[in-house]
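Here's a quick briefing to read with the model open beside you. Have a look first, then go through the points below.

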Amino acid sequence: MPLALYDTWSRAIRPFTPLQTSHVGLYCCGPTVYDHAHIGNLRTYVFEDVLRRVLALNGYEVRHVVNITDVGHLASDADEGEDKMEKGSRRTGESAWEVAARYTAAFKGDWHALNLLEPTVWCRATDHIAEQIAFIAAIEQAAFMYITSDGVYFDTSRQDNYGFLARLDREGLQGGKRVALGDKRHVTDFALWKFSPRDAKRQMEWDSPWGRGFPGWHIECSAMSARYLGPWFDIHCGGEDHIAVHHSNEIAQTQAAHGTRLANFWMHGHFLMLDQDRMSKSGGGFLRLQTLIERGIDPLAYRYLCLTAHYRSKLRFSWDALDGAQVALDRLRRVYAEWLRDEDVSPGLTANGAADERYLARFSAEVDQDLNLPRALAVLWELVRSDLPAAVKRATVDRFDTVLGLRPAHQRDAASEIPAEVAALAERRRSARIAKQWAQADHLRDALAALGWRVEDDPKGQRIVPMEEQRDSQ
Ligand code: AMP
Ligand code: ZN
């Protein structure tokens, strides 16, 4: 079955055929680096990483471009309010440049902890000011913009199909919404370039043919995707919140300058939810990957949790669900280690057995159907339970892991020194506690004690310690 992907533009799952034979161009909107990424943002990058890996599984060479927004993203999508970078600078007391450098480094740390593949190109908005100015000049040439007292604006009324990606009701928006237009002519018009305020010095500003200032947020993605992938490429991704404004505006700009709608496929990851709301930086209650790590959770358990929900459905975060993902990941690693022992080969050596073609075909069919990872995980667990030889299971899981990215061969801490039966009992106790089966959990604690192992519960989770070690350390 060929690879088929859901395209937001056509609101349908379509067969994927690359535009060029040499590579697949993939552009993903990256972080605005004024604060840490939260695990909601990271859910979107996990979806995009899986997409990239599935494209590779289908034999495509992927040219993956991710931008870093380090200027121009204003506090409101209506092009008003403060630049988020300058706001970050006031919050931390560092310069906007230092804020950008610090949070970019932190973001890349999260990126690698989640085993996301390195993009072919990372590109920063502030490194591409010339490209953005040239792009705005092309829009000016095509007469799609006007200048006001505070900036240069895109005239959305000149495009009949403006907002098609979001199925925007422009008439309804114009008539129904009372919004402060400022000098803008239409509600949906947006800034291409903003002038620096006359009374205050900005930290980040540049000269342009229209006046000193800084680029609007959307122009960086049109300009940098054109630079690295050309103005018509295969797939453009982001979170679902980007459909109505950011991506609609990227399309408007590229259509004005180059006559294309940028990408053949538009794909959007749905939100990670915290209680009833989407997790957001401005909403306050957001969680960082580091917070999970401090609670003893492996970052790849969060990756596993993301894989348990289809990328086009909302995922409601809960600690119980995350604990469940950790239990599943630990179990996968334990059985993998057992297979290795049974095979009597060291980690790193290739498995003696070849992968099972039937399971591989079933796994591919699931991921090729618009990245159905929950069903692909079900195939994985069916394989684990099957009676195939250990070497075949291991070789097959290695192939699955080119998409899953869960590193099953990786062992946490000294867990591998814990005897398998002790680890299994501890695992059952952990699951019992998650299920709030307290009597069962106590029973398993006693069983562990009988084998000479003691369980310690701390905020980071459960630790298994040999009883001798306890005596020694007292
Ligand atoms: P930002 O750093 O705010 O520009 O967002 C980075 C990426 O995370 C974008 O693709 C957003 O669409 C996405 N995003 C923001 N909030 C969430 C959320 N709660 N769940 C999933 N993705 C999100
Ligand atoms: Zn973008």
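A polar contact here is a pair of N or O atoms within 3.5 Å; within protein, one must be able to donate a hydrogen and the other to accept it, and residues adjacent in sequence count only if both atoms are side-chain atoms. This is a predicted model, where local features need pLDDT of at least 70, side-chain atom pairs count only at pLDDT 80 or more, and totals for chains, interfaces and linings use all residues. Residues are numbered from 1 along each chain as written, chains are lettered from A and ligands numbered from 1 in written order, and side-chain values use heavy atoms, without hydrogens and water.

**Ligand 1**
- Ligand 1 is surrounded by 18 residues (a heavy atom within 4 Å), and the closest are Gly40, Thr44, Asp241, Leu272 and Met279.
- Asp241 puts a polar side-chain atom 2.4 Å from an oxygen atom of the ligand.
- Leu272 has a backbone N or O atom 2.8 Å from a ligand nitrogen atom, while a polar backbone atom of Met279 is 2.7 Å from a nitrogen atom of ligand 1.

**Sheet**
- Three strands (DSSP runs of E, at least two residues) form an open sheet in the order E15-E14-E16, with mixed pairing.
- E15 (277–278) and E16 (315–316) are the edge strands, each with a single partner, so one side of each has no neighbour in the sheet.
- E14 (residues 272–274) pairs with E15 in the antiparallel sense over 2 bridges (pairing takes at least two DSSP bridges), and Leu274 has Asp277 in E15 as its bridge partner.

Technical notes:
Helix = DSSP H or I, 4+ residues; strand = E, 2+ residues; numbered from the N terminus.
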